[in-house]
Amino acid sequence: MKGSLSDYEGEQSTHPVSFLWNSLQLKMECCGVDDYADWRRNDKWRESHSNQSWPYICCQWPRRAHITLQQLDSQGVPPLSTAERDQCYKFINPQPSAIYERGCYQAVRHEVEQRLPVIIIVVSAIITVQLFAVIAAAILCRHQEHMFDFSMHSSAT
């Protein structure tokens, strides 16, 4: 995850990594990999966004809870006013109410842990179906082999 932060080109970029980060941070209400400070440690981000400590997608704003991924524009950016963006950026050290401090790694890990029983059941079902398919294929091959051997012996006599 940390490696992809350096490929992030900002909220207005059409780059797929940027879209994924925007979508992830919006949906999971997280910022960065470990926390919002990951953006400050990202040289590429600091060079291209010297006036921002983190992407505005990390900001909390009153309407955020009502925005769905379908409402994002083609770059994965939610419809925010300039005032909402400025409110987030005015804090050099973010206030708990201004920015999501939880990192996305923790958020994704929590989601996976919540869904782990379902994931295990689905994977187990897929493995079982695959196992039966392999057994059925082996039985069919063996049956075909016997049919071939029988036809060879009957034509030789």
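## Chat on a predicted helical model

Student: Which residues form the nonpolar patch on the surface?

Tutor: In this predicted model, the patch consists of Met 1, Tyr 105, Val 108, Val 112, Leu 116, Ile 119, Ile 120, Val 123 and Ile 127. Together they have about 760 Å² of accessible area (Shrake-Rupley, 1.4 Å probe, only the protein chains shown count as cover for residues). Patch residues have over 30% relative accessible area and no salt bridge; nonpolar side chains (Val, Leu, Ile, Met, Phe, Trp, Tyr) are joined within 5 Å, like charges within 9 Å. A salt bridge is a side-chain nitrogen of Lys or Arg within 4 Å of a carboxyl oxygen of Asp or Glu.

Student: Where does Val 108 lie?

Tutor: In helix H6, residues 104-156. Helices are DSSP runs of H or I, at least four residues; strands are runs of E, at least two; both are numbered from the N terminus. Val 108 is partly exposed, because its relative accessible area is 31% (buried is under 20%, exposed over 50%, partly exposed in between; 1.4 Å probe, protein chains only).

Student: How many helices and strands overall?

Tutor: Six helices, zero strands.

Student: What are the ground rules for the values?

Tutor: Residues are numbered from 1 along each chain as its sequence is written, and side-chain values use heavy atoms, without hydrogens and water. Local features need pLDDT of at least 70, side-chain atom pairs count only at pLDDT 80 or more, and totals for chains, interfaces and linings use all residues.

Student: Now the inside. Which residues have the most contacts in the largest nonpolar core?

Tutor: Trp 21, Cys 31, Trp 39, Trp 54, Cys 58 and Ile 99, in a core of 20 residues. Such a core is a set of buried Ala, Val, Leu, Ile, Met, Phe, Trp, Tyr and Cys residues joined through side-chain atoms within 4.5 Å. H2 and H6 each give it two or more residues. The largest share, four residues, comes from H2.

Student: Why does the length of H2 agree with expectation?

Tutor: H2 has 13 residues (16-28), so at 1.5 Å a residue it should span 18 Å, and its end C-alpha atoms are 18 Å apart. The expected span is 1.5 Å times one less than the number of residues. Glu 29 follows H2, with a positive phi near 50°.

Student: And Asn 42, buried or exposed?

Tutor: Buried, because its relative accessibility is 8%. Asn 42 sits in the loop between H3 (37-41) and H4 (43-48). Leaving out residues up to four places away in sequence, Asn 42 touches Leu 5 and Ser 6 (contact: heavy atoms within 4.5 Å).
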